[in-house]
Amino acid sequence: MIAIENLCKSYGKLQVLKNISVRFEAGKVISIIGPNGAGKTTVSKCILGMVLPDSGDIKMKGESVLNKYAYRSQIGYMPQIGRYPENMKVRQVIGMVRDIRKDVSAVDEELIGLYRLEDIYDKRMGALSGGTKQKVSAALAFMFNPRVLILDEPTAGLDPISAEILKCKILKERKKGKLILITSHIMSEVEEVADEVMCLVDGSVKFYETIASLKKQTNEERLSKAIAKIMNEED
Ligand SMILES: Nc1ncnc2c1ncn2[C@@H]1O[C@H](COP(=O)(O)OP(=O)(O)OP(=O)(O)O)[C@@H](O)[C@H]1O
């Protein structure tokens with residue numbers, strides 16, 4: 001569904017993405033892992049068109065997305081840290097986004113309900129806790145039934161029950177055939193929701209495999225141990 005071909009991106013002298021080529025298929029949850037600064041968010045932002053690569057291509061359903069805009073309506077994005085106008089009320093933010101996406105008639109309000117966001121509709125965004133802001137971001141990402149979801153450390157800052165709600169939602173959407181990309185540092189969570197793991201190190205793909213294959217190769221039952229083994233072996 002998404003093909004990344006020879007993607008390169010530098011910020012000044014710092015080469016952040018070094019010739020990345022991968023394919024992500026629909027109906028899968030793919031976790032992008034790797035050390036801080038490895039380039040995970042940059043890859044996500046390239047797919048979203050928020051960062052323009054220096055070279056290479058990104059194709060969605062076979063068509064290049066570079067310098068195009070319409071395809072973005074098919075992607076739901078949950079940023080690592082959601083930034084909203086501080087003075088706007090939760091109700092206004094949700095209303096504003098709905099207004100922009102009038103084209104979508106079947107709005108998915110499940111997370112609004114499960115997170116009881118209606119109870120805080122009259123609070124200002126600037127007054128929300130970090131975790132509550134994350135809930136608003138999650139609700140917005142899933143709201144317009146996108147074919148692709150890009151979730152950047154989605155459960156960081158969420159309490160355990162709210163994180164569980166999000167994981168269930170991710171698995172539910174996968175069943176509908178959506179492609180879900182998640183960056184995460186929490187291996188237990190990756191193990192729970194992902195089918196495949198792409199590991200970036202220093203802007204290159206270290207490995208991209210199914211969880212089953214990673215465990216089999218390393219003879220480990222836990223993903224965190226399997227990954228530690230691979231990283232240590234190849235050092
Ligand atoms: N706008 C920017 N200008 C300059 N350098 C940037 C910019 N955005 C990212 N970088 C640098 O690019 C590198 C990759 O950043 P990126 O945010 O993609 O890493 P990450 O793998 O998502 O890290 P983390 O796990 O900490 O979220 C880092 O060294 C970062 O400092």
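Asn145 counts as partly exposed because 15 C-beta neighbours lie inside 10 Å; by the criterion applied, with C-beta atoms placed from the backbone, a residue is buried if 20 or more other C-beta atoms lie within 10 Å of its own, exposed if 12 or fewer, and partly exposed in between. The structure is a predicted model, in which local features need pLDDT of at least 70 and side-chain atom pairs count only at pLDDT 80 or more, whereas totals for chains, interfaces and linings use all residues. Residues are numbered from 1 along each chain as its sequence is written.

Asn145 is not a glycine, yet its phi is positive, at about 50 degrees. The residue is located in the loop between α4 and β7 (148–152); helices (H or I, at least four residues) and strands (E, at least two) are DSSP runs numbered from the N terminus. A positive phi, near 60 degrees, is also found at Asn67, in the loop that links β5 and β6 (75–78). Asn67 counts as exposed because it has 7 C-beta neighbours inside 10 Å.

The UniProt annotation "domain: ABC transporter", from an unreviewed entry, covers residues 2–227; such annotations may be inferred rather than shown by experiment.

An open sheet of four strands shows antiparallel pairing in the order β2-β1-β4-β5, where two strands pair if DSSP finds at least two bridges between them. Its edges are formed by β2 and β5 (63–64), each of which pairs on one side only. Two bridges join β4 (residues 55–60) to β5 in the antiparallel sense, and Met60 has Glu63 of β5 as its bridge partner.

Met60 is also among the contacts of Ile2, which, neighbours within four places in sequence aside, include Phe24, Ile47, Ile58, Val148 and Leu179; contact requires C-beta atoms, placed from the backbone, within 7 Å. Ile2 is one of the residues with the most contacts inside the largest nonpolar core, which has 59 residues. Such a core is a set of buried Ala, Val, Leu, Ile, Met, Phe, Trp, Tyr and Cys residues joined through C-beta atoms within 7 Å. Helix α4 (residues 130–142) gives the most to this core, with six residues.

The ligand is surrounded by residues including Tyr11, Asn36, Lys40 and Thr41. Two or more residues of this shell come from each of β2 (14–24) and α1 (40–48), and α1 supplies the largest share, three residues.

Conventions. A residue is near a molecule or strand if its C-beta atom, placed from the backbone, lies within 6 Å of it. Two residues are in contact if their C-beta atoms, placed from the backbone, lie within 7 Å.
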